[in-house]
Amino acid sequence: MRRQALIALLSYWRRNWLQFFTLLAGLALATALWSGVQAINAEARASYDAAAATLGEGQYTQITANNGLPIAVEDYVALRRVGWLVSPVVEGRLDGVRLIGVEPLTAPQGIGTTALSIEAELPSEPTLWVSSGVSVDGVTTVETPELAPNTAIGDIGLVSDLLGAQGISRLLVLSDQPVRQPPLESVVQGLNVQTPQGGSDIGRLTDSFHLNLTAFGFLSFVVGIFIVNGAVGLAFEQRRPLVRTLRALGVPLRTVIAIMAAEMAVLSLLGGVIGVVIGYFIAAALLPDVAATLQGLYGADVGGTLAIRPVWWLSGLGIALLGGMAASASALWKLSRMPLLAGAQPRAWSMQAGRGRVIQTIAGLFMLAAAGIFALIADGLVTGFALLGTLLLGAALLLPMVLNAALALGQRLAKGPVWEWFWADTRQQLPGLSLALAALLLAMAANIGVSTMVSSFRQTFVGFLDQRLAAELYVTARDEEDAVALEQFLAGKVESVLPIEQIDVEANGLPAELYGPIDDRTYRDNWRFLSQVPQMWDIVQAGEGVAINEQLSYRGDLQLGDMLELPGITLPVVGIYGDYGNPIGQVIIGREVFKELYPDSQALRYGVRVLPEDVAALTDQLVSEYGLPEANVINQAGIKAYSLDIFERTFTVTGALNWLTLGVAGFAILMSLLTLSGMRIPQLAPLWALGLTRGRLERLEILRTVMLTAWTFVFALPLGLALAWVLLAVVNVAAFGWRLPMFVFPTSYVFLLVQALIAAGAAALWPALKLGRTPTSHLLKVFANER
Amino acid sequence: MNARVLALLLLWPLAAFGQGFAGLGSDADGFALPQRGYTFDFPTDHGAHPEYRIEWWYVTANLTGDDGAEYGVQWTLFRSALAPEEAAGWSSPQVWMGHAALTTEDAHFTAERFGRGGIGQAGASDQQLSAWIDDWELDFSHMTASGTDWRYDLSLSETGPLVFHGAEGYSVKSAGGQASYYYSQPFLAVDGTLTIGNEDIHVTGNAWLDREWSSQPLAEDQSGWDWFSLSFDDGDKLMGFRLRGADTYTSATWIDADGGTTAYTDGAFMAEPLENSPTSGPEVPVLWQVQLPERGLDVTVSAINPDSWMPLTTQYWEGPVTVTGTHTGRGYLEMTGYE
């Protein structure tokens, strides 16, 4: 009996291979987006872990020179000779590869080693250990897959030679120090100790980026589940007559349900496997852009190639299985509750959905209320995401109610029987379509929210670049001597020379970069402040106040007038400026105070103000006359283009994910309409009999979908803007440390509407055509068979 | 050799140490070899000999606290060369390793330091006896070293002459003729302070400096040694070692209270383990019968703290001992090559 029932149920797929395909495709798409995003995140995180292990970052206290210059080897030895157990690191880039030189004899246990387990012969010649695909000219390299991407590590002597480095980039302070040691400053002056917490932890910095990706992944999953639900609903709906027959033949309901559940499990896994494979390709295609973005924004090296990690393919399969089972659970539950012979009464389903709608609406309102509370208390990433989640879910739950109200209004205003039927029939179909429409709602809202955030970011950032990269040329001296000569060379030739000197300090105990710019109109004219006291620049240059960036103001909870403690001086905050794309706190003090505090500091980088038409000539002079390497002279336009390029890549990723979610939502509509189209014939047959042509019916079907999409968009727009607000004002602040002004982009929303309408129309086209081409004999049979 | 972690690969200079004591028997390719009849030249020979593969400055001290408690202190600087030369800066092939220990009757503190030649972090002067690695320092007037929770700071003074082992400093280590240059300063009076945790302990006693350098001190089949430096209550001293290999090879120097020496070749000196004891490392003999019949010596040597295992990159047992029997006194015992 069981075997026969199984064969009967399975035979359905043989006759409806297209549905079989769509069910699998739904499962696969849901899984693909989820596992794709997971794969990207897993890859990036593995890269950070490797980087942290390679560099000892986040693990060890580090010592750097206050003036940003290398630490002399003599100073290193002096520290060791009085009992400071420190180990030197030389770091730099060679042909884009991050070279790290460590001193193996003094390096802390575990540096460069965590998780590395490789077998190799002891090298007899200078050797670099490199991550996959990295090569360095003239040096033996050993590929070490566990190493952070784009990294080469080797003995400090070898790396110093390769980089031409004089001195030491930084010193790692070993965790075990001798029982007694003199204070650092009594041994070597001008050194700065940085404890491992703070701005240098790559993982923490990039969290926000991954959070955005995770949000996408989560959303994709929700959208995918809606699809799976639709697909399963279709299959169960259409097999209802079959179930009725089987039960009439004596197969127990329990057996039928068990068989169908097992069938679903197998199909879910199959779809999941396909999805994981697709997800792999999505991730592989997007990863280079993600890697470039992270590299550009945070200097974090992420491999451009994807490793197959259990964490994402397992989670992908799990999601497919869970999603599939959850979707079928509701269908099976429905099936078990339906009266034995109620199978072919669509209206009954609608009524039942009507009762459910009340509960759903209450749940939705509850969710929105929770979102409201989260909006009031949100102060971190967790509450930020809780806010996002409740907002989206609440809106999705309320959608049927809102659409129903809109349709009821349409029905009341309708003129003529055809239109009255149109509205009433749309209302009846709403339960069957609402899942797909909810998916569409979420996809559109996410599209609006994320693109608003990203575009706001871009707009702000471009403006910021114009302010901050005000100088026409940026030149870098080769060393301190060269810097002095360069200043003399430039004097008189240009409008002004702006030394860019940066010293790592602790400001109120937080790591920050200290700048002491000269008093120049460049700063007075171009810098925009989020808040400032009057005559801010005069106060700063008089040494009576400091300006700080927004990141520091958030992290240190500093407002105008608050005192900021720097090494050797404490001054009030008189200005706060936006500083986008920079994770680290900044402090600006007057030039004179800066020079008093750090008399030995010598700038190596300069901004040069010169008439735009003279830029090319000056560049030429610097290179050919003065002899500066070409790479040391950077045209401001070049930096800007580079910075913008980074953001373009962010948009590429965002844009691609937007398209994918929208496409998936369109697919959901297609599936739902296919589900309904089978049941539609009995409902349409009377209209056809009353004189409506199949062509007219076809157009009405498409119009219905397009109209529902438009209504959904109307609801999605405020939701999307709310989403953008949460992303900009809550999540962004928590993750990046700055708040972005929100800009709205009406034209892009209109474009999205058109996109969505096209997608929905396209999705409706096939079911409508199918309906329109129904042989008239089928329509006639409706009356003959009397259902 | 399978290196489990990159650290080990990066630490390849340490292979010189990491190979353990058995590695001391490997080839001397390119390095100078000790020659019989060498005339020592001081203070130059107090300094480093980079043309030789290995070298050490090795001090052990038996100390007594004001309360009468026995202490032992070790200060060691090893030099190991990857190539028979010295160079300035990071490219120096000279690798330095410091070991220090402080032993009480029931505790054994150890510390280890590594350093690179060429930059001044570790080294030895050829102007006077002066050796250092990081903040650990040794000369004929003071000696200091520290760990995370202990430290010693000791004043030294010479009370006798330098002593040369074997054939006037040419110390043969096997029947095959492997040898090292080996001299000592066993007459060092000590006065100073031990710090354990927050407690300062005033101590006095005597120390013994060993200086040795070579390129291939052991024969290939030799796996380790048991080395004794004993100071008897009557002022005489004995240095004796037993090299374990296919055959046991022994050598000893009797040092009179005035610094006069008598060298004893293979077989004269005998040391037999009487009792093993578990340590934080392997089980090792901590009770010995030591004999030198030509001097009427037949004593029992027992460890003050049986667990004086050095759990460092190169592992061995090193600790203070007491001597009873025909002679009484105290001294130091070093046992290497146990696994």
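Which strands of chain A does helix α13 lie across, and at about what angle does it run to β18(A)? Before I answer, please note that this is a predicted model, in which local features need pLDDT of at least 70, side-chain atom pairs count only at pLDDT 80 or more, and totals for chains, interfaces and linings use all residues. Residues are numbered from 1 along each chain as its sequence is written, chains are lettered from A in the order in which they are written, and side-chain values use heavy atoms, with hydrogens and water left out.

Helix α13 (480-490) lies across β9, β10 and β18 of chain A, at about 5° to β18(A); helices (H or I, at least four residues) and strands (E, at least two) are DSSP runs numbered from the N terminus, and angles, from 0 to 180 degrees, are taken between N-to-C directions of axes fitted to C-alpha atoms, for helices over the stretch in contact, where contact means heavy atoms within 4.5 Å. Helix α18 (615-626) lies across β9, β18 and β19 of chain A, at about 10° to β9(A).

The sheet itself is open and antiparallel, in the order β10-β18-β9-β19 of chain A, pairing requiring at least two DSSP bridges between two strands. Because β10 and β19 of chain A stand at the edges with a single partner strand each, one side of each is left without a neighbour in the sheet. The twist averages 25° from one strand to the next. Between β9 and β19 of chain A there are three bridges, and V475(A) has V633(A) as its bridge partner in β19(A).
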